[in-house]
Amino acid sequence: SPMRFVHVHSQVFTLIEYVTEGVFGALTASVASTAAAAAMEVAKSSQSGQKLFYIVASGFDLVLPQAAYSENYFLFHAGNFQAHYRAFENDVGSEAQVSLKDVSMRCGRNMTMVSTPVNLSVKVQMKPPFAKGTEEELATRIEMSTSRIRILVARCHYSQIMRTLDYNISEQNNFLRGDRSLQPKRAAQTDDKARKGTVDGILKSMGHAGVENVDVIKRMYINFNIQELSVELCG
């Protein structure tokens, strides 16, 4: 059936943490200290040592807002969406494959940004956060392939792209906590400094499994394979 997904970057990763640490931890009857440990326990419960998730949608809309509190957005529509996710035990990690067909794109002003629909495939290979190895060996690797694509970019689109990178993709506040839910980035950052050392500040540093969050910096390599790319700048 058709699906519509709104991508607020920090909220998506909060949801991933909730599912992997909270839900998976409960399924394994233990609180995992990391998402990787929880996924590994679930994988061990299967005979093949892996867990497979498969999603198919006849129509898929991805909405990328400029910010969690903004009405400006980019809309990606795919006529067909397929996703495979495989989680392996031990330090093997996980692998995701996504296939999108007949992808079109427009902005919130209903301006078309891709001249003709394109086909897109993405493959992601991830290692557990605390697996052993060098930074190079533990890096997340992404392979993206597209058919011919012609992008139409107006002046307003360029400004919106830059703001989306700053206020959505790079935003740390997940806008899920009460009076902070609609605060812009700079206001939230100022508020964070005032909350350090308070009970709310301590709770913010804890994950959904009841353990302290640990930030892990990882490398990410993205390879693009584009059959043909053209960009038309519109006034």
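The legends below describe close-up views of a predicted model.

View 1. When neighbours within four places in sequence are left aside, Leu-100 is in contact with Phe-60, Ala-78, Asn-80, Phe-81, Val-118, Asn-119 and Leu-120.

**View 2. The aromatic pair of Phe-60 and Phe-81.** The structure holds one aromatic pair, in which the rings of Phe-60 and Phe-81 are stacked, with 4.4 Å from centre to centre and 15° between the planes. Phe-60 lies in strand S3 and Phe-81 in strand S4, so that the pair links distant parts of the chain, 21 residues apart. Both count as buried because a relative accessible area under 20% is the limit for that class: Phe-60 has a relative accessibility of 11%, and Phe-81 has a relative accessible area of 10%. Each of these two residues is also among the contacts of Leu-100.

**View 3. The salt bridge between Arg-4 and Asp-61.** Four salt bridges are counted in the model, and one of them joins Arg-4 to Asp-61, whose closest N and O atoms are 3.5 Å apart. Because Arg-4 lies in strand S1 (residues 3-6) and Asp-61 in strand S3, the pair ties together parts that are 57 residues apart in sequence.

**View 4. The salt bridge between Glu-232 and Arg-150.** The closest N and O atoms of Glu-232 and Arg-150 are 2.3 Å apart in this salt bridge. Here too the pair links distant parts of the chain, with Glu-232 in strand S10 (residues 229-234) and Arg-150 in strand S8 (residues 149-154), 82 residues apart. Glu-232 is partly exposed, with a relative accessible area of 33%, and Arg-150 is likewise partly exposed, with a relative accessible area of 38%.

**View 5. The salt bridge between Glu-136 and Arg-141.** In this salt bridge the closest N and O atoms of Glu-136 and Arg-141 are 3.4 Å apart. Glu-136 counts as partly exposed at 37% relative accessibility, and Arg-141 is partly exposed as well, with a relative accessible area of 32%.

**View 6. His-7 in the loop between S1 and helix H1.** His-7 is placed in the loop that lies between S1 and helix H1 (9-27), and at 17% relative accessibility His-7 counts as buried. The side chain of His-7 makes a polar contact, at 3.0 Å, with the side chain of His-9. With neighbours within four places in sequence left aside, His-7 is in contact with Val-12, Leu-62, Val-63, Leu-64, Pro-65, Asn-168 and Ile-169.

**View 7. Ser-58 in the loop between strands S2 and S3.** Ser-58 is found in the loop between strand S2 (50-57) and S3, where at 49% relative accessibility Ser-58 counts as partly exposed. Although Ser-58 and Gly-79 are 21 residues apart in sequence, their C-alpha atoms are 6.1 Å apart in space.

Key:
Residues are numbered from 1 along each chain as its sequence is written. This is a predicted model: local features need pLDDT of at least 70, side-chain atom pairs count only at pLDDT 80 or more; totals for chains, interfaces and linings use all residues. Side-chain values use heavy atoms; hydrogens and water are left out. Contact means heavy atoms within 4.5 Å. A salt bridge is a side-chain nitrogen of Lys or Arg within 4 Å of a carboxyl oxygen of Asp or Glu. Helices (H or I, at least four residues) and strands (E, at least two) are DSSP runs, numbered from the N terminus. Buried means under 20% relative accessible area, exposed over 50%, partly exposed in between (1.4 Å probe, protein chains only). A polar contact is a pair of N or O atoms within 3.5 Å; within protein, one must be able to donate a hydrogen and the other to accept it, and residues adjacent in sequence count only if both atoms are side-chain atoms. Rings of Phe, Tyr and Trp (its six-membered ring) pair if their centres lie within 6.5 Å; planes under 30 degrees apart count as stacked, over 60 as edge-to-face and the rest as tilted.
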